[in-house]
Amino acid sequence: MTLLLTVFAAIVCTIVWYTHAQDDKLSVRTLCFLFWGASLMWLVDAVFEYAELGAEYFTPALEDMINDAFLGLSVIALGLVIWLVVLMFKDPMGVFKKQK
C-alpha cells in the first residue's frame, strides 16, 4: 500500500511538473524527486519482502493494509512538508522579502 500511494503521488506530481516545466517557480521538480525516491525505496522493500514471504506477500491481513496506508500517507505528508520548507527558503514569489 505504501508503494502504491507513493507511486500515485509521484505520477500526479510529475504530471503537474511536466505541464508547467517552463515555469517551475514552485520547485515541483523537488517534490517529484522526493516522491520518486520514496517509490524506489518502497519498491526495493517490496522485492525483498516478496523474496522472504513468497506468494503470501499478495494476501496481507486487513490490519497490515491499514498500517501500510497510514505509513504511505505519512510519507506523502512528510514529502509535502519538506517541499514547503524548501519553497519557503527559496521564496520564488518574494513573499517573505516583501514582509521586511
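Me: Before we start, what do the words buried, exposed and partly exposed stand for?

Reply: Buried means under 20% relative accessible area, exposed means over 50%, and partly exposed is in between. Keep in mind that this is a predicted model.

Me: Why is Tyr57 called partly exposed?

Reply: Tyr57 has a relative accessible area of 26%. That value lies between the cut-offs of 20% and 50%, so Tyr57 counts as partly exposed.

Me: And what makes Tyr50 partly exposed?

Reply: The reasoning runs the same way: Tyr50 has a relative accessible area of 41%, which is also between 20% and 50%, so it is partly exposed.

Me: How do you know that Tyr50 and Tyr57 form an aromatic pair that is edge-to-face?

Reply: Their rings are 6.3 Å apart, centre to centre, with 80° between the planes.

Me: What makes Tyr57 and Phe58 an edge-to-face pair?

Reply: Here the centres are 5.3 Å apart and the planes 80°. The limits are within 6.5 Å and over 60 degrees, so this pair is edge-to-face too. Tyr50, Tyr57 and Phe58 form one aromatic cluster.

Me: Why is Ser27 called buried?

Reply: Ser27 has a relative accessible area of 8%, which is under 20%, so it is buried. Ser27 sits in the loop between helix H1 (2-19) and helix H2 (28-53).

Technical notes
Residues numbered from 1 in each chain as written. Predicted model: local features only at pLDDT ≥ 70, side-chain atom pairs only at ≥ 80, totals over all residues. Heavy atoms only, no water. Helix = DSSP H or I, 4+ residues; strand = E, 2+ residues; numbered from the N terminus. Buried < 20%, exposed > 50% of the residue type's maximum accessible area, 1.4 Å probe, protein only. Phe/Tyr/Trp six-rings, centres within 6.5 Å; stacked < 30°, edge-to-face > 60°.
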